[in-house]
Amino acid sequence: MNEPIKKIAVLTSGGDAPGMNAAIRAVVRACTYYRVDCIGVYRGYQGLIEGDMESLSARHVSNIINRGGTILKSARSEEFRTKEGRAKAYENLKKAGVGALVIIGGDGTFTGGLKFIEEFNFPVVGIPGTIDNDIYGTDNTIGYDTALNTVVEVIDKIRDTASSHNRLFFIEVMGRDAGFIALNAGIGAGAEEILIPEKNLGLDRLVESLDKSREKGKTSSLVVVSEGDKIGKNVFELADFIKEKYPFYDIRVSVLGHMQRGGSPSCYDRVLASRLGVAAVEALLDRTSGVMVGITNNEVTSVGFNKAIKMNHDINEELLKVAEITSV
């Protein structure tokens, strides 16, 4: 990192998240502001291996701040997991005159970036982009707020039909092994029970909660289930168990799926992505590498890739208490 950085490349990798385009825009315009060329890499690490990239100017990223997904596309690359694949990527960056790289994604993306630094001493800074909010070192990841708003809006609609037909709905939301979406959306939408992988509450707790709801005269209920919850093999198995125990319940299952990843990003995600995009470029120009920029207590911070990958972003215990109290 002795020579001045004249070109910075940017890519998106892993699952798409609303706000990734806003982050790309901020990276490109920060490069323009600091008189550094910017190169957009298409299809993540696979595009890096295949040399699928082009120069991006401030005008190339006009009118994308409001768009979901990622204009640079995303792909999972098995080839980048090999040393030979990473060597191809490195050669393509050097051939293009690129001196540093911004990567936008989750822990898998950062794992690839860390390996790249270790093998080639190439400057890399990461931006957390995932709806799961499961990255250590930032209060919120890009896309999480938008996903929450999407989930709450859908659950509100489901509640209308649940109330009209006296139904019990099991609603599965995304989150892999993290319950941030389920917990916060469940509280926001007024769910009677919330099941998350971080707290294996067990079937007894769910049964007890449903019993209490019936005793209090509730004729419909909503149970929000994180996809990584450990109670049952899946939400359908869980619904079948409850149906067998309570045959009088009219039970429905809704799996929200990939709709949670789509849509125009919220204002919060647009601002967050803009702040982190600028911070990533500034970090590289300040000779910083091997870190993820994030947001903590509304201040831009950074954390090493090792910590971001290996450490857990813990669930807020206060929110668990709030969920229990407000569901009575």
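The following conversation concerns a predicted model.

Visitor: Where does helix α9 run, and how many residues has it?
Guide: Helix α9 covers residues 267-285, which makes 19 residues. From its first C-alpha to its last it reaches 27 Å, close to the 27 Å expected at 1.5 Å a residue.

Visitor: Which of the residues in α9 are buried?
Guide: The buried residues are Asp269, Leu272, Ala273, Leu276, Gly277, Ala279, Ala280, Val281, Ala283 and Leu284. An α-helix has 3.6 residues a turn, so residues three or four places apart point the same way.

Visitor: And cysteine 267, buried or exposed?
Guide: Cysteine 267 is exposed, with a relative accessible area of 58%.

Visitor: What follows α9?
Guide: Arginine 287 follows α9, and its phi is positive, near 70°.

Visitor: Turning to the largest nonpolar core, which residues touch the most other members?
Guide: Ile8, Val102 and Ile127 do, in a core of 65 residues. A second, separate core has 26 residues, among them Phe110, Leu114, Ile117 and Ile135.

Visitor: What is valine 102 in contact with, leaving aside its neighbours within four places in sequence?
Guide: Valine 102 is in contact with Ile8, Ala9, Val10, Leu11, Val27, Val125, Ile127, Ala280 and Leu284. Of these, Ala280 and Leu284 are buried residues of α9.

Visitor: A new topic: how many disulfides are found?
Guide: A search of the whole structure finds zero.

Visitor: Is cysteine 38 buried or exposed?
Guide: Cysteine 38 is buried, with a relative accessible area of 3%.

Technical notes:
Residues are numbered from 1 along each chain as its sequence is written. This is a predicted model: local features need pLDDT of at least 70, side-chain atom pairs count only at pLDDT 80 or more; totals for chains, interfaces and linings use all residues. Side-chain values use heavy atoms; hydrogens and water are left out. Helices (H or I, at least four residues) and strands (E, at least two) are DSSP runs, numbered from the N terminus. The expected span of a helix is 1.5 Å times one less than its number of residues. Buried means under 20% relative accessible area, exposed over 50%, partly exposed in between (1.4 Å probe, protein chains only). A nonpolar core is a set of buried Ala, Val, Leu, Ile, Met, Phe, Trp, Tyr and Cys residues joined through side-chain atoms within 4.5 Å. Contact means heavy atoms within 4.5 Å. A disulfide is a pair of cysteine sulfur atoms within 2.5 Å.
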